[in-house]
Amino acid sequence: MSLEVLNRIETLGVVPAIVLGDSSLAADLAAALYEGGLPCAEVTLRTPSALETLQEMARHPGLLIGAGTVMNIAQAQQAIAAGAKFIVSPGVDESLIRFCMEQNILIIPGACTPTEVMLATNLGVPCIKFFPCDAFGGMPVLKALNGPFPNMRFMPTGGISLETTPEFLAYKPVLAVGGTWMVKREWLEAERFDIIAEACAATMAIIKQTKRGVDTSNRVPKLGKMSGFGKDSGLSAISKATVSIHEAFMGE
Ligand code: 3PG
């Protein structure tokens, strides 16, 4: 079960991090993710109604739903009871990791220092959430960690965007990327599920075009080529950018 979920996440390549204040929107959000071809989410336990959101989204038959920001065993138990198929934690907690392993539930703990990655490795964790990725140095740090921990897989999260997704996913130790760029708070608040579906579709299009499992150490996206992106906050800009990002990154 746990390995099956890990493989599914790797196949998808991305895990949206959901922060939803109003659980009555959960079904619409689930439908938007599914429609956008991104049938997975980490529902963070950061809002009072997060468990209701998780439960509602987990009801969708096509979605793989996990719980995020899980700090302890009690929260993990509640999340699993609500339908979570994997658990994400912002840090390394031995008792939480052991509990999830006993339940045969995939746990992806947060880690970003060698000590934390070593702790996770020694507990038998196959993949850590490299969080907060951007603030802790991004790709150069991931590559440095791969030296002593060649078998550890990473889910970089925090500051990842549509533009930087290809660079991360092309790097073999990266299992998947995580983030909120396709489920932005303002779109959720405005109930723009059409935009969310389009952002998910743009993300999946980029991932399909990304050659995965290669060493990207000498490749960086040519940001200058991404004309038009960022000038317009509407999703048509993101769709257009899908093509130019691919060209910028792969067309060398
Ligand atoms: C998380 O919740 O895991 C991160 O806050 C997501 O980070 P992002 O909003 O920068 O994508």
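Which side chain meets that of Arg-98 in a salt bridge? In this predicted model, the partner turns out to be Glu-94, with an N to O distance of 2.8 Å. Both residues sit in helix α5 (residues 94-102), and because they are four residues apart there, about one helical turn separates them. Neither end of this pair is hidden away: Arg-98 counts as partly exposed at 43% relative accessibility, and Glu-94 gets the same label at 41%.

Another one joins Lys-129 to Glu-42, at 3.3 Å from N to O. Here the partners come from distant parts of the chain, 87 residues apart: Lys-129 lies in the loop between β6 (127-128) and α7 (138-146), while Glu-42 belongs to strand β2 (residues 40-44). Arg-59 is exposed, because its relative accessibility of 55% is over the 50% cut-off, whereas Glu-56 is partly exposed at 27%.

Now for the greasy side of things. In soluble globular proteins, nonpolar side chains tend to be buried together. The largest nonpolar core in this model has 82 residues, and Ile-9, Leu-29 and Ile-87 make the most contacts inside it. Helix α10 (residues 193-209) is the top contributor to this core, supplying nine residues. As for Leu-29, leaving aside residues up to four places away in sequence, its contacts include Ile-18, Leu-20, Met-57 and Val-183, along with Leu-188, Phe-193 and Ile-196.

Key:
Residues are numbered from 1 along each chain as its sequence is written. This is a predicted model: local features need pLDDT of at least 70, side-chain atom pairs count only at pLDDT 80 or more; totals for chains, interfaces and linings use all residues. Side-chain values use heavy atoms; hydrogens and water are left out. A nonpolar core is a set of buried Ala, Val, Leu, Ile, Met, Phe, Trp, Tyr and Cys residues joined through side-chain atoms within 4.5 Å. Buried means under 20% relative accessible area, exposed over 50%, partly exposed in between (1.4 Å probe, protein chains only). Helices (H or I, at least four residues) and strands (E, at least two) are DSSP runs, numbered from the N terminus. Contact means heavy atoms within 4.5 Å. A salt bridge is a side-chain nitrogen of Lys or Arg within 4 Å of a carboxyl oxygen of Asp or Glu.
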